[in-house]
Amino acid sequence: MSRAGLDKEPRDVARMFDTVARRYDLTNDVLSVGQDRRWRSRVVDLVAPQPGELILDLAAGTGTSSKPFADAGATVVPSDFSLGMLRVGREQYPDLPFVAGDGMGLPFADDVFDAVTISFGLRNIHDPVQGLRELLRVTKPGGRIVVCEFSRPTWAPFESIYSNYLMRALPSIARRVSSNPESYVYLAESIRAWPDQKGLALRMVEAGWGRVEWHNLSAGIVALHHSRKP
């Protein structure tokens, strides 16, 4: 696969995730020094799932991000375009209704979900604004969205440290724990090419979502953007 940028070929990205599926959750845990668990917990808090609600968890991977919604009593649909991820997810969480789906054209009817969420997957959609439009389409009027994505550090001195970690340390660590270390070079490059907090908020509004707010986590390394469908 060519080096990342944001000119992603969907089939290449899907194959990349297929190759890392078995050790994906472990690798994320190591690379984030356990912070990914806290980030995902904050997503659940912000979505605030209620018993009986129907929630779409797009780019759900192996379903690790989906299970807390089910535990809260909601019906969650984990969806991903990587069949390798879905296979591992079905083994780990056989009670969850995994669905293969491409964010550019979701296999769901209009206005069906009470809430939609996507964690660390919007960058991987070929056209993120179109992906946000699709999420809007399948959400009920008044329904909510939470996007968890890498962003820009809010403290300038930390930004250079973080950039060095992404481009040097992260691929090196990935070589020790991942089944496809090259995929984490893509990860680092795609993070650097991704817009900042305001930039993502503007893209959400462009896609048709209402007023967007965001919360920075870990000094802005990750940001949670949330809104409602008008």
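Thanks for coming, everyone. A word on ground rules: this is a predicted model, where local features need pLDDT of at least 70 and side-chain atom pairs count only at pLDDT 80 or more, while totals for chains, interfaces and linings use all residues. Residues are numbered from 1 along each chain as its sequence is written, and side-chain values use heavy atoms, with hydrogens and water left out.

Let's start with charges. Side chains of opposite charge can pair when their charged atoms come close. How many salt bridges does a search of the whole structure find? There are eight, where a salt bridge is a side-chain nitrogen of Lys or Arg within 4 Å of a carboxyl oxygen of Asp or Glu.

One of them joins Glu 53 and Arg 144, at 2.6 Å from N to O. This pair links distant parts of the chain: Glu 53 is in the loop between helix 3 and strand 1 (54-58), and Arg 144 is in strand 5, 91 residues apart. When I say helix or strand, I mean DSSP runs numbered from the N terminus: H or I over at least four residues for helices, E over at least two for strands. Are Glu 53 and Arg 144 buried or exposed? Both are buried. Buried here means under 20% relative accessible area, exposed means over 50%, and partly exposed is in between, using a 1.4 Å probe and protein chains only.

Now take Asp 71 and Lys 67, whose side chains meet in a salt bridge of 2.8 Å, N to O. These two are separated by about one helical turn, because they sit four residues apart in helix 4 (residues 67-71). Asp 71 counts as exposed at 55% relative accessibility, and Lys 67 as partly exposed at 31%.

Next comes Asp 114, which forms a salt bridge with Lys 140, the closest N and O atoms being 3.2 Å apart. Asp 114 lies in strand 4 (residues 113-119) and Lys 140 in strand 5, so the pair ties together parts that are 26 residues apart in sequence. Asp 114 counts as buried, at 18% relative accessibility, whereas Lys 140 is partly exposed, at 31%. There is also a network of salt bridges linking Asp 110, Glu 134 and Arg 137.

Staying with strand 5, please find Glu 149. Strand 5 covers residues 139-150, and Glu 149 has its place there. Glu 149 is buried, with a relative accessible area of 1%. What does its side chain reach? The backbone nitrogen of Gly 121, at 3.5 Å, and also the backbone nitrogen of Leu 122, at 3.3 Å. Leaving aside residues up to four places away in sequence, Glu 149 touches several others, among them Phe 120, Arg 123, Trp 194, Leu 200 and Ile 221. Contact here means heavy atoms within 4.5 Å.

Phe 120, from that list, deserves a look of its own. Its phi is near 55 degrees, a positive value in a residue other than glycine. Phe 120 is found in the loop between strand 4 and helix 6, and is buried, with a relative accessible area of 9%. Ala 219, in the loop between strand 6 and strand 7, also has a positive phi, near 60 degrees. Ala 219 is partly exposed, at 39%.

Leu 200 takes us to helix 9 (residues 197-206), where Gln 197, Gly 199, Leu 200, Ala 201 and Met 204 are buried. Which elements cover these buried residues? They include helix 6 (128-138), strand 5, strand 6 (213-217) and strand 7 (222-228). After helix 9 comes Gly 208, with a positive phi near 115 degrees.

The whole structure holds two cavities of 30 Å³ or more. On a 1 Å grid over the protein atoms alone, a cavity is a set of points where a 1.4 Å probe fits but cannot get out, and lining residues have an atom within 4 Å of a point. Grid points are joined across faces, edges and corners, and a volume is the space filled by probe spheres set on the points. The second largest cavity has a volume of about 40 Å³. Its lining is made of Arg 40, Val 43, Val 44, Ser 65, Phe 69 and Ser 119, with helix 3 giving the most, at three residues.

That's my tour, and I'm happy to take questions.

Technical notes. A polar contact is a pair of N or O atoms within 3.5 Å; within protein, one must be able to donate a hydrogen and the other to accept it, and residues adjacent in sequence count only if both atoms are side-chain atoms. On a 1 Å grid over the protein atoms alone, a cavity is a set of points where a 1.4 Å probe fits but cannot get out, and a pocket is an open set with protein on both sides within 12 Å along at least five of seven lines; lining residues have an atom within 4 Å of a point.
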